[in-house]
Amino acid sequence: GDTLAVERDFDLARAAAALQTIEEIDAALERITKGTYGICEYSGQPIPKERLRAIPYARERVEFKTRSFR
């Protein structure tokens with residue numbers, strides 16, 4: 001029983017993470033349509049290409065993601 005409950009919770013967490021990623025991708029596609037893709041939502045500065053290559057749906061520069069400059 002406990003093992004099945006843990007596995008179920010793990011599966012639910014993975015499903016939630018996958019859904020979040022899909023929502024982030026959809027939002028990135030919307031930003032492409034609006035012409036704001038690659039622009040940090042917090043600073044208005046361009047997001048470095050290296051970051052976008054690693055995480056194509058990134059909304060913010062690394063320093064804002066880690067909240068070191070907020």
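Is Tyr42 buried, partly exposed or exposed, and what is its relative accessibility? In this predicted model, Tyr42 has a relative accessibility of 46% and therefore counts as partly exposed. The residue belongs to the loop between α1 and α2 (49–54).

Tyr42 takes part in an aromatic pair. The count of such pairs comes to one. Its members are Tyr42 and Phe64, with ring centres 6.1 Å apart and planes at 15°, so the pair is stacked. The cut-off for stacking is an angle under 30 degrees. Because Tyr42 sits in the loop between α1 and α2 and Phe64 in helix α3 (residues 62–65), the pair ties together parts that are 22 residues apart in sequence. The C-alpha atoms of Phe64 and Tyr42 are separated by 7.1 Å.

Phe64, in helix α3, has 12% relative accessibility and so counts as buried. Tyr42, at 46%, counts as partly exposed. The limit for a buried residue is under 20% relative accessible area.

Helix α1 covers residues 2–34. The helix has 33 residues. From its first C-alpha to its last, α1 reaches 48 Å, close to the 48 Å expected at 1.5 Å a residue. After α1 comes Gly35, with a positive phi near 80°.

Four residues of α1 can be named as buried: Glu24, Ala27, Ala28 and Arg31. An α-helix has 3.6 residues a turn, so residues three or four places apart point the same way. Glu24 has a relative accessible area of 17% and is therefore buried. Its place in the fold is helix α1. Leaving aside neighbours within four places in sequence, Glu24 is in contact with Tyr57 and Arg59.

Leu29 is found in helix α1. With a relative accessible area of 49%, Leu29 is partly exposed.

Key
Residues numbered from 1 in each chain as written. Predicted model: local features only at pLDDT ≥ 70, side-chain atom pairs only at ≥ 80, totals over all residues. Heavy atoms only, no water. Helix = DSSP H or I, 4+ residues; strand = E, 2+ residues; numbered from the N terminus. Buried < 20%, exposed > 50% of the residue type's maximum accessible area, 1.4 Å probe, protein only. Phe/Tyr/Trp six-rings, centres within 6.5 Å; stacked < 30°, edge-to-face > 60°. Contact = heavy atoms within 4.5 Å. Expected span 1.5 Å × (residues − 1).
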